[in-house]
Amino acid sequence: MAPGSHFLLSSTMEFTFTKRNNRKLLHEGYAYVMDRTKADNVTIFWRCEKRGECKGRLKTVNDVLEGRPSTHSHPPSVARCLALKTVGDIKQRAKQSLVWQHTLQPITGFCRCDVSFMLRTVEPGDVTTTCPQLVISGQNLSCTCQTTNTASPPATVRWEGRDSEKLVKTNVQREDNGTQFTCHVTWAGRVYTSITYTLIVAVEPGSVTTTCPQLLISGQNLSCTCQTTNTASPPATVRWEGRDSEKLVKTNVQREDNGTQFTCHVTWTGRVYTSINYTLLTTNTASPPATVRWEGRDSEKLVKTNVQREDNGTQFTCHVTWAGRVYTSINYTVEGPSDVVISLTDAGSNGSSVITLSCNTTGVVYPSVNFTWSTGVCHNETHAARSSTCTASLHAEDDGKSVTCTAINSNDSRISVSTSVTLRIDGAGNIFILTSDSHSTTSAVLGPVVGAAVAVVVAAVIAILFVVLIKKRRRKIKKAPEKTIRSPPCQDSEFEDHINVVYESSDTAGPKSSSTTSHWNKQVCTRKYEDIPSEGYYSQIRQMATGKTFAESDRCLTMNLYSN
């Protein structure tokens, strides 16, 4: 055995490196490369470096030979093993120093010499990563740390805490946002450079939705918002196309707007992430159908029979339910009118035949009144909330024509009131009206003067007749003899004109209407009382037994004999 080569032929194992920087085992003049490793990572099976030519094998556990190597098909080469070992050492030393000096030991058949190498080196350059700027929540992170140059001798690139240049993290979550990772480049026995990567976890905007209604009724306003299902990180920009806002507003939507399309875009991380289209649909009829109900009633029809005056002012509320909510409501209240009056406001002065009648309501009216006049009378009408006017042209043949004004509650046509007047034209062409109860309201050029004169004459005649009748009545009363007591029962005919109501003895009893009872009480009354005339009226009676007089009977109610 040649000096300096004993370690190559002994059972001691030496390790060097391949061109790819993998380990190579030297033992007894043979060189082995790694074939495979068991799962425990300490048991390694080696094969002869002459692959395909030699089936030599050996096994190590924790880099200690276990068992005997198998037979090789070629002789060992001590010189080759020495060369492999020397080159391997040179590479390892070059990592620590750019100048390497080594003295080769003398071996039989070889010369001893000292060699010095000046290696050509290439620095690693800058360090970069392939890591993404953003990682979406739920995705995996996989990236590499690397140098811009292929260093010579080679540099070692490792992520801190990991024995690899590759960084892997599965199922990244929002909580991982901001996590930092550092990569080191080691070259020539020192940390040449480092880089830090900060993980930014992005939350996608998700789906885009709108709050826009499915259907709008003509005349309504459109106001809705475009929005994302997630709160994006970094924030997303949501805009309706042609508008600088996520809110879509359109007032007074009409039927012509039906089918108009609006588009909303979601921009995230510098690009249009997603979009949504909204088509405006309009209708005059609610769709889906609305439910219309009177409050307290299961119908859209309001029915109340036998409406009385006491119901005046009663309020009813109708609700329109649509799309699961009360869409709108309306109150219905009916009140008045209680009466209506026609007056003559313009009687055609200066000989004109054109008159103006005014119709006005009285009492409280709610909500308002609709007026109608007799057909064919007015050639012009005006209407206000509680009054109306009728302008008509009259001729001589219109004398005695009746004009009717009707006031109708605007909410309930069943509540109405009417009044009529009669148009009169006298021989002088004066126009006045007579109301339905024969009261006249005159308004003409000579009408007031003539009317006043006639009224004075009529009043004087009536006063004279009244005085004459009073005097005649008093004379009859003075001549009439005082009635005496009648012992026999009185006849029905003598009292039937002034005894008209008979009461029971009880004060609370009601009147008896039977003819038998009435006759019996007349007889009793005659025997106990007599009437006393007073100023033309039998307003007192005298009790026969005591002679006392009473304002009225305790059993009988008397009345004036001369009532007619």
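**Stop 1: the cysteines of strand β11**

Select Cys143. Cys143 is buried, at a relative accessible area of 2%. Buried means under 20% relative accessible area, exposed means over 50%, and partly exposed lies in between, with a 1.4 Å probe and protein chains only.

Before going on, note that this is a predicted model, where local features need pLDDT of at least 70, side-chain atom pairs count only at pLDDT 80 or more, and totals for chains, interfaces and linings use all residues. Residues are numbered from 1 along each chain as its sequence is written, and side-chain values use heavy atoms, with hydrogens and water left out.

A disulfide joins Cys131 to Cys143, S to S 1.9 Å. A disulfide here is a pair of cysteine sulfur atoms within 2.5 Å. Cys131 sits in the loop between β9 (127-129) and β10 (135-136), while Cys143 belongs to strand β11 (residues 141-147); the two are twelve residues apart. Strands (E, at least two residues) and helices (H or I, at least four) are DSSP runs, numbered from the N terminus. The torsion about the S-S bond of Cys131 and Cys143 is 65°, and the link is right-handed. Cys131 also counts as buried, at 13% relative accessibility.

Which cysteine is joined to Cys145? The partner is Cys183, with S to S 1.9 Å. The torsion about the S-S bond of Cys145 and Cys183 is about -95°, so this disulfide is left-handed. Cys145 lies in strand β11 and Cys183 in strand β14, so the pair ties together parts 38 residues apart in sequence. Cys145 counts as buried at 2% relative accessibility. Cys183 is buried too, with a relative accessible area of 0%.

**Stop 2: the sheet around β14**

Show β12, β14 and β15 as a cartoon. These three strands form an open sheet in the order β12-β14-β15, with antiparallel pairing. Two strands pair if DSSP finds at least two bridges between them. Why is one side of β12 and of β15 left without a neighbour in the sheet? β12 (156-159) and β15 (190-198) stand at the edges, each with a single partner strand, so one side of each has no neighbour there. Neighbouring strands of this sheet are turned by 20° against each other on average, direction ignored. Axes for such angles are lines fitted to C-alpha atoms, for helices over the stretch in contact; angles run from 0 to 180 degrees between N-to-C directions.

Zoom in on β14 (residues 180-187) and β15. Eight bridges join these antiparallel strands. Pick His184: Ser194 in β15 stands opposite.

**Stop 3: Cys212 and Cys224**

Select both. Cys212 and Cys224 form a disulfide, with sulfur atoms 2.0 Å apart. Their link is right-handed, with 65° about the S-S bond. Cys212 lies in the loop between β17 (208-210) and β18 (216-217) and Cys224 in strand β19 (residues 222-228), so the pair ties together parts twelve residues apart in sequence. Cys212 counts as buried at 13% relative accessibility. Cys224 is buried at 1% relative accessible area.

**Stop 4: the cysteine tally**

Now select every cysteine. How many disulfides are there? The count comes to six. With the bonded cysteines of the protein chain numbered in sequence order, the pairing is 1-2, 3-4, 5-6, 7-8, 9-12, 10-11.

Finish on Cys81. Cys81 is buried, with a relative accessible area of 2%.
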